[in-house]
Amino acid sequence: MSNDRVRVRGLSIFRPIIYGNTATALSEKDRQALPYADHTHKWTVAVRSAASAPNSDIVGGADDISHFIKRVTFKLHDTYANPSRNIDKPPFEVSETGWGEFEIQIRITFVAESGEKAMTLYHHLKLHPWAAAGEPEIPPLEVAIKHGPVHSWQYDEVVFNDPFQNFLNILTAHPPTPLPKVKRRPVPFHLANPGSLEASKGGVPEFTQLMEKEEQERLEEARKAVIAETDKWRNILIEKEKELESLKQLAGN
């Protein structure tokens, strides 16, 4: 066997990505030009590198991620023509118009050199501005247009454990652009962090190293919560099995 196809045991290497969407409310004139008069928004759903290019008007996307991602499949609502969209080269994104929010399945297929199975993510398409408590969830059209683009993005890390040597060589030859250490732009809002709503206003958001750290902490807390819940139900199951065994013994006497 070639040394290139030997796994490097005990090594983990990750690549930061973001997935989500940006949506913009359409004016009455824009809507009249569409084949579907009831469509109220144009939107783009994408998988990108986490870092943003300088002075870019999109979230993320500073790096080409096609050296480890071969294909991204976006499963849209069944009311769309050809709802399963395969994107085989960057940018890994789909742009459409519509009127409603729905869940999009995102399936990431990695390059053959990785030897990895596909990864599936889910994103709720966000069309309407994030609202504070008491504010309308769906504002009037003129308010939505004045608000500008709506951004809904999630940070994630694709972790490759025990990578093949040739795939590790590919990854190390394409190091990701580091996230900025400090906040330079608005930050992406996320429901897990309601306090970031104000900080998300005022332009195109950007992920930072501080947000990366906070997201890692949230993931760790979620992991601990899952372990604790699993342990609780395991203990309950053990107790129930003991009770069942006692009843069987009583029934046999």
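Contact here means heavy atoms within 4.5 Å. The points below concern a predicted model.

1. Contacts of Tyr 122. This residue lies in strand 7, which spans residues 119-124. Leaving aside residues up to four places away in sequence, Tyr 122 touches Tyr 19, Glu 103, Ile 104 and Gln 105. With Gln 105 there is also a polar contact between side chains, at 3.4 Å.

2. Exposure of Tyr 122 and its distance to Lys 75. The relative accessible area of Tyr 122 is 45%, so the residue is classed as partly exposed; the exposed class begins over 50%. Between Tyr 122 and Lys 75 there are 9.6 Å from C-alpha to C-alpha, although the two residues are 47 apart in sequence.

3. Overall fold. The protein contains four helices and eight strands. Read from the N terminus, the order of these elements is β-α-β-β-β-β-β-β-α-β-α-α. Of the contacts between residues at least 6 apart in sequence, 66% link residues at least 24 apart.

4. Dimensions. The radius of gyration of the protein is 23 Å, whereas a compact globule of 253 residues would have one near 18 Å. Along the principal axes, the C-alpha atoms occupy a box of roughly 85 × 55 × 40 Å.

5. Buried residues make up 38% of the 253 residues of the protein.

6. Thr 97 in strand 5. Thr 97 is part of strand 5. Its relative accessibility is 17%, and Thr 97 therefore counts as buried, the limit for that class being under 20%. The side chain of Thr 97 makes a polar contact of 2.8 Å with the side chain of His 39. Apart from residues up to four places away in sequence, Thr 97 touches Leu 34, His 39, His 41, Lys 42, Trp 43 and Tyr 80.

7. A cis peptide bond. Pro 90 and Pro 91 are joined by a cis peptide bond, with omega about 0°. Pro 91 is placed in the loop that runs between strand 4 (84-87) and strand 5 (92-98).

8. Positive phi at Asn 55. This residue is not glycine, yet its phi is positive, near 60°. Asn 55 sits in the loop between strand 2 (41-49) and strand 3 (69-75). Is Asn 55 buried or exposed? Asn 55 has a relative accessible area of 79% and is therefore exposed, given that this class starts over 50%.

9. Positive phi at Asp 162. A positive phi, near 50°, is also found at Asp 162, again a residue other than glycine. Asp 162 belongs to the loop between strand 8 (150-161) and helix 3 (165-173). With a relative accessibility of 23%, Asp 162 counts as partly exposed.

10. Which residues of helix 3 are buried? They are Asn 166, Phe 167, Leu 168 and Leu 171. The cover over the buried residues of helix 3 includes strand 1 (12-25) and strand 8.

Technical notes
Residues are numbered from 1 along each chain as its sequence is written. This is a predicted model: local features need pLDDT of at least 70, side-chain atom pairs count only at pLDDT 80 or more; totals for chains, interfaces and linings use all residues. Side-chain values use heavy atoms; hydrogens and water are left out. Helices (H or I, at least four residues) and strands (E, at least two) are DSSP runs, numbered from the N terminus. The radius of gyration is taken over C-alpha atoms; the globule rule is 2.2 Å times the number of residues to the power 0.38. Buried means under 20% relative accessible area, exposed over 50%, partly exposed in between (1.4 Å probe, protein chains only). A polar contact is a pair of N or O atoms within 3.5 Å; within protein, one must be able to donate a hydrogen and the other to accept it, and residues adjacent in sequence count only if both atoms are side-chain atoms.
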